[in-house]
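Trainee: I would like to learn how to read a structure like this one. Could we go through it slowly?

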Amino acid sequence: MGFIGEAAAVGAAMVWAIATWIYSQFSHHFTALQLNIIKGSIASVMMLLVLPFTPMPEVAIDAKYLWVLGISGVIGIAIGDSAYFAALKRIGANKTLLLESLAPPLSGVLALVFLGAVLQLQSWLGIFITTIAVTAVIFQPNDIDGEQTNLQGVGYGLVASVCQASGVVISHFALVQGDLPPLLGALIRLVIGVLAVMVIICFVEKKPFATILSLGRDMSSNNWSWLLAAIFVGTFLALWLQQVALKHANPAIAQTLIATSPLFILIIYAIRGERVTKRSVLGTLCALGGISLFFL
């Protein structure tokens, strides 16, 4: 029991890597916005089903914090998750997750700018190392045909990372200042984020909801099982394990271990017999080292 928090943090990193790999298998079947709507809608239902069985003190949500959570949902889920799925389609799970590793340093910078937090020299060194390491891996040619990295995919990945960092800072303020249960706050963010995507998609795609239903009917039951597993793992297990980690472990150690997802995606690739370059392994380890400097 002494290392339950650390074990939960590693578990959160592992299940998020698994969920990301599964999502990448569907990124060419649905558009990014469509996949975001499917993920968000099903995850919202899952949360609603679980919410009555979780300890829930009486909560009076101030309208101010509801607006803050709403803004966080639009930035982190509507924009951030859509960009994340778009990056998955263009540059794959490994590089997308590695770009997400920039979120912790970005959260620190945003906290510095907007919340007045102070960053030590060690943190700035961590930001520098992480950025250099991520850049070295992201811009290496594709393993098979030597094709250069899709810059549009990198752009989407950076947008996803910035939105994730922004969403974390904003939602943290609402959850702490408004004293809201994490699952309820996550549900509010998710619902508002999905509603925003539903509005946006009507302006950029023709008959999007009919297309989602049509593509969904064409999917086999086995594919639906995999997609539901990704939503369950990425929504419930990752969130639950993250909360356990932050409660039972030193927050700095927990955050560092949670950020090891890119390492697990490389392990998944190796297990599946896909080629993993030395540059990817070394760059990922250096990026994780940079993140640890930021937190420790």
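Trainee: Does Ser24 count as buried or exposed, and why?

Mentor: Buried means under 20% relative accessible area, exposed over 50%, and partly exposed in between, with a 1.4 Å probe and protein chains only. Ser24 counts as buried because its relative accessibility is 12%. Please keep in mind that this is a predicted model, where local features need pLDDT of at least 70, side-chain atom pairs count only at pLDDT 80 or more, and totals for chains, interfaces and linings use all residues. Residues are numbered from 1 along each chain as its sequence is written, and side-chain values use heavy atoms, with hydrogens and water left out.

Trainee: Where is Ser24 found, and which residues is Ser24 in contact with, leaving aside its neighbours within four places in sequence?

Mentor: Helices are DSSP runs (H or I, at least four residues), numbered from the N terminus, and Ser24 is found in helix H1, which covers residues 4-26. Contact means heavy atoms within 4.5 Å; leaving aside neighbours within four places in sequence, Ser24 is in contact with Leu88 and Ala93. A polar atom of the Ser24 side chain also lies 2.4 Å from the backbone oxygen of Trp21.

Trainee: Is Phe203 buried or exposed?

Mentor: Phe203, which lies in helix H7 (residues 182-204), is exposed because its relative accessible area is 71%.

Trainee: How many helices are there in the protein, and what percentage of its residues count as buried?

Mentor: The protein has 12 helices and 0 strands, and 49% of its 296 residues count as buried.

Technical notes. Helices (H or I, at least four residues) and strands (E, at least two) are DSSP runs, numbered from the N terminus. A polar contact is a pair of N or O atoms within 3.5 Å; within protein, one must be able to donate a hydrogen and the other to accept it, and residues adjacent in sequence count only if both atoms are side-chain atoms.
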